Amino acid sequence: MKIAVLMGGQSGEHEVSLISGNSIAQALKEEGYETVVVTISLDGIWRLEDGREVTILPKPSKGLWLIEECKEIPIDVVFPVLHGPKGEDGTIQGLLELAALPYVGSGVLGSAAGMDKAVMKALFRDANLPVPKTILVVWADIKLIEQEIGYPCFVKPANLGSSVGINKARNRKELEFALTEAFKFDTRVVVEEAINEPREIECSVLGLEPKASLPGEIVPDAEFYTYESKYQSQASKLIIPAALSDSDTKKIQEYSIRAFRAVGAEGLSRVDFLIDRKTGKIYVNEINTMPGFTQISMYPKLWEASGLSYGKLVSQLVKLALQRNKRRLDLKICR
Ligand SMILES: Nc1ncnc2c1ncn2[C@@H]1O[C@H](COP(=O)(O)OP(=O)(O)O)[C@@H](O)[C@H]1O
Ligand SMILES: [Mg+2]
């Protein structure tokens, strides 16, 4: 079987995606799959390792299309290891649907709903999941924010990841700054109540009938889990499994599966939680439909702790992509 691994992409998480993508490609080879590595540059050009340019056409296809040779490379499954906008938000997934190629992970709806923090939180609330109080603003409506949320609060671009453009605001001056920053990155901005000195717990979900892993804990080396503490410093720690009571572990696993279903995710996701250190209350913070996937990332590490190796995990994801595709092919198009 031949798997196209898409990596890089036009987002702030380009570099992380390259690391995840290369280790997935390596593991697939070790599991006996043939791989075709496709790197998407920051300006959106798709290339094979030998530099030839390829694309996917928006019509039912057998694989990748070599642009200069006007020739198709047959592919059985596409593994889009892309994070953030134009990778994890349903856009690539839409192209793969039009090409009728089986692919790993969530479809258009699950990807888009999981990416937009306002839509995601609305779906979580609708599924009766505990979420911090959140509002969506499309302009710097200070009065509304102070009335509805107050201080301290977190201000986030709705459609980004890796903590880019996110700031905590303790007063009006900081709120004005945080809004200016967030609106540089998106036209939609969410503002939410800050959970006091939260514990950050993460849980991996896998399957079409989803299963949850043991939860893990992140201990950031900064006031919150910023871009720098995620990728530039070595000081943030992963604790696997997280030290939680049995009942909190069960609750987190149950919430993770409910969150996965709420946004319509498929295949895999990592669900992130904040626990108020004082009250012990658990909040669902977000879902990531294409979580970090390097050898040391939380998503595969949690499965390893639950008894599923990195290699077995990636081959399981390929099998799920084929199953998902079959389910879709079995659906009627017209009556
Ligand atoms: N409501 C909140 N209360 C306390 N800390 C928060 C809150 N929201 C976000 N954070 C902090 O900011 C980090 C990034 O926010 P998050 O919503 O996870 O965005 P991203 O999608 O960029 O990871 C979190 O890991 C956490 O450290
Ligand atoms: Mg996060």
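Here is a short chat about a few spots in this predicted model.

Q: Hi! Where does Lys156 sit?
A: Lys156 belongs to strand 9, which covers residues 153-157.

Q: And is Lys156 buried or exposed?
A: Lys156 counts as buried because its relative accessible area is 7%, and the cut-off for buried is under 20%.

Q: OK, which side chain does Lys156 make a polar contact with?
A: That would be Asn285: the two side chains are joined by a polar contact of 3.3 Å.

Q: What else is Lys156 in contact with, leaving aside its neighbours within four places in sequence?
A: Its contacts include Lys117, Lys121, Ile166, Val190 and Glu192.

Q: Let's move to helix 4. Which of its residues are buried?
A: In helix 4, residues 117-126, the buried ones are Lys117, Ala118, Met120, Lys121 and Phe124. They span an arc of only 165 degrees around the axis, so they lie on the same side of helix 4.

Q: What caps the N-terminal end of helix 4?
A: Asp116 does, with a side-chain oxygen 3.0 Å from the backbone nitrogen of Ala118. Just after helix 4, Asn128 has a positive phi of about 60 degrees.

Q: New topic: how many bridges pair strand 12 with strand 14?
A: Three, and the two strands pair in the antiparallel sense. Glu200 stands opposite Ile218 of strand 14 there.

Q: Which residue of strand 15 is the bridge partner of Ile218?
A: Leu238 is the partner. Strands 14 and 15 run antiparallel and are joined by three bridges.

Technical notes. Residues numbered from 1 in each chain as written. Chains lettered and ligands numbered in written order. Predicted model: local features only at pLDDT ≥ 70, side-chain atom pairs only at ≥ 80, totals over all residues. Heavy atoms only, no water. Helix = DSSP H or I, 4+ residues; strand = E, 2+ residues; numbered from the N terminus. Buried < 20%, exposed > 50% of the residue type's maximum accessible area, 1.4 Å probe, protein only. Polar contact = N/O pair within 3.5 Å; in protein donor to acceptor, adjacent residues only side chain to side chain. Contact = heavy atoms within 4.5 Å. Arc of directions from axis to C-beta. Pairing = 2+ DSSP bridges.
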